[in-house]
Amino acid sequence: MSTPLRQFVLRLAQSGLMTEEEILAFQGKLPPELDASDPTALARELVRQGKVTSFQATAVYQGKNKGLVFGEYVVLDKLGVGGMGRVFKAVHRRMERIVALKVLPRRVVASAHSRQRFHREVKAAAKLLHPHIVTAYDAGHHEGIDYLVMEYIDGYDLGRLVREKGRLPVQQAVDYMLQAAKGLRYAHSKGIVHRDIKPSNLLVSSEGIVKILDMGLARFDDPRSADPKNTLVDGLTRFGQIIGTADYMAPEQAEDTDRADQRSDVYSLGCTLFRVLTRRPPYRGETLVKKIIAHRDKPIPDLLKYRSEATPEVARIVAKMMAKRPEDRHQDMGEVIEDLESVASTLEIQAHLGLSTPTAPSEGNELEAFLQSLKGHDEEEPQEASSGESALPEIRALPPSSPRHARRPPRRFSWTPLAALLMVTCGVVAAGWWWQAARQAVLHLEWPP
């Protein structure tokens with residue numbers, strides 16, 4: 001066995017995905033035309049036969065075999081990365097349940113501050129059980145790494161959805177925000193303020209269900225928070241630290257994190273609604289400080305200026321949610337839900353009657369969206385840079401190519417020509433009937449002489 005192949009087999013066995021005996025037995029059944037001395041060929045065949053995933057094979061090939069197994073959980077793929085850790089798609093070996101596994105990076109495990117934030121997320125998630133909040137299943141510590149096991153959502157976060165698909169239809173955007181507001185109302189009832197509501201923290205499942213995730217910045221409205229000795233609740237946000245995301249952060253939260261309450265979540269949800277409707281943040285700024293100042297001082301942007309087909313009522317709700325002073329906003333998520341449900345009913349009736357305004361972007365906004373797509377602009381989280389290490393190309397089934405005519409939009413039947421033809425026909429018949437009736441009347445009057 002060649003050295004590269006031997007290294008690959010050892011790494012795969014050390015990962016816990018397969019035993020060395022299983023690997024050797026698999027090698028003995030390889031097709032004769034396959035180069036058994038090539039680790040890449042062996043990895044590809046393992047992926048093809050479903051023994052390992054593309055992500056697992058790539059990790060083992062690159063020598064990153066540690067961390068693919070966390071006790072009963074086997075990592076299948078990487079879902080994302082953020083400031084508080086990496087999120088993986090995993091499976092429970094015995095229950096065979098697909099989950100999302102969030103792990104704290106090793107480089108920050110030594111930081112007491114980061115671990116406290118992570119433990120706070122675990123504690124917050126454990127208190128919440130709601131259809132519009134990602135459910136937490138388990139938490140633990142494995143070989144020096146803290147992890148949180150959550151419900152796996154087969155879908156996309158709103159940030160990615162807007163970047164890839166463009167601005168959401170008005171009715172759909174209102175529905176998504178309404179679902180998020182219901183989840184936040186529940187969290188607030190449990191004394192938890194999220195403090196980081198943004199598109200990338202709202203997941204949309206394949207069934208269209210919105211789920212709130214990432215409670216890592218949540219604050220507990222607990223009387224102990226006023227105690228300066230309570231380092232878990234209060235100490236994490238001392239010394240002028242800014243907690244949240246600048247594009248969606250309420251002015252009072254940027255000034256003093258401890259002032260953030262449920263009305264701060266209202267503000268962030270309003271900014272999120274503006275973003276998914278316009279594909280741009282409410283305020284632009286080259287630096288963090290400039291964005292924070294813009295949220296505090298600049299006028300509230302007019303939604304109708306950037307999305308003309310949005311109704312004035314939707315624009316009014318967004319403006320109220322984004323009011324500078326907390327007392328001028330909706331005072332709780334219940335008021336937000338009441339407003340959104342009202343406008344959602346109106347939009348549904350208009351859509352049912354065929355009175356809804358078109359969702360196609362105007363020329364100016366379409367040009368702006370096109371330029372943004374050319375820039376590859378991401379207002380939220382920078383994409384992770386490539387490590388530069390050699391990677392095993394993933395083996396994925398390519399979708400069948402579609403004929404050109406299949407990509408054309410379907411032709412819509414128009415009733416206009418048929419209606420015009422019917423009107424003309426009815427007119428001719430009516431005229432003939434009138435003429436015939438008039439002629440008979442004249443003959444009757446003239447007889448007898």
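User: Taking buried as under 20% relative accessible area, exposed as over 50% and partly exposed as in between (1.4 Å probe, protein chains only), is R195 buried or exposed?

Analyst: R195 has a relative accessible area of 2%, so R195 is buried. This is a predicted model, in which local features need pLDDT of at least 70 and side-chain atom pairs count only at pLDDT 80 or more, while totals for chains, interfaces and linings use all residues. Residues are numbered from 1 along each chain as its sequence is written, and side-chain values use heavy atoms, with hydrogens and water left out.

User: Where does R195 sit, then?

Analyst: R195 lies in the loop between β8 (192–193) and β9, where helices (H or I, at least four residues) and strands (E, at least two) are DSSP runs numbered from the N terminus. The phi of R195 is near 75°, which is a positive value in a residue other than glycine.

User: OK, and what does β9 pair with in its sheet?

Analyst: β9 belongs to an open sheet of three strands in the order β7-β9-β10, with antiparallel pairing; two strands pair if DSSP finds at least two bridges between them. The edge strands, each pairing on one side only, are β7 (155–157) and β10 (210–212). Strand β9 (residues 202–205) and β10 are joined by three bridges, and L202 has I212 in β10 as its bridge partner.

User: Which helices lie on that sheet?

Analyst: Helix α7 (residues 158–165) lies across β7 and β9 and runs at about 95° to β7, with axes taken as lines fitted to C-alpha atoms, for helices over the stretch in contact, and angles running from 0 to 180 degrees between N-to-C directions. Helix α8 (residues 170–189) packs on the sheet as well, touching β9 and β10, and its direction makes about 40° with that of β10. Touching here is contact, meaning heavy atoms within 4.5 Å.

User: Switching topic: how do α10 and α13 pack?

Analyst: Helix α10 (residues 262–278) and helix α13 (residues 312–321) pack at an angle of about 140°, and their axes are 8 Å apart. Angles under 35 degrees count as roughly parallel, over 145 as roughly antiparallel, 65 to 115 as roughly perpendicular and the rest as oblique, and α10 and α13 are therefore oblique to each other. In this pair α10 passes α13 in a left-handed crossing, the term for a near helix turned anticlockwise from the far one by less than a right angle, whereas clockwise would be right-handed.

User: Which residues make that contact?

Analyst: From α10 the contact uses V266, Y267, L269, G270, L273, F274 and L277, and from α13 it uses V314, V318 and M321. These residues divide into nine nonpolar, one polar and no charged, where Ala, Val, Leu, Ile, Met, Phe, Trp, Tyr, Cys and Pro count as nonpolar, Asp, Glu, Lys and Arg as charged, and the others, Gly among them, as polar.

User: How does α13 meet α14?

Analyst: The axes of α13 and helix α14 (residues 333–353) come within 10 Å and cross at roughly 165°, which makes α13 roughly antiparallel to α14. On the α13 side E313, V314, R316, I317 and M321 meet V336, D339, L340 and V343 in α14, and the residues of this contact divide into six nonpolar, no polar and three charged.

User: What about β4, is it buried or exposed?

Analyst: Strand β4 (residues 98–103) has five of its six residues buried, so β4 is largely enclosed by the rest of the structure. β4 pairs in the antiparallel sense with strand β3 (residues 85–92) over six bridges, and with strand β6 (residues 145–151), again antiparallel, over five bridges. Within these pairings, K89 has A100 in β4 as its bridge partner, and L101 stands opposite V149 in β6.

User: What's in the hairpin between β3 and β4?

Analyst: That hairpin has five residues between the strands, and E96 takes a positive phi near 60° there. R279, in the loop between α10 and α11 (288–297), also has a positive phi, about 65°, although R279 is not a glycine.

User: Last one: how far apart are D297 and K324?

Analyst: D297 and K324 are 27 residues apart in sequence and 8.2 Å apart in space, C-alpha to C-alpha. D297 is found in helix α11 and, at 48% relative accessibility, counts as partly exposed.
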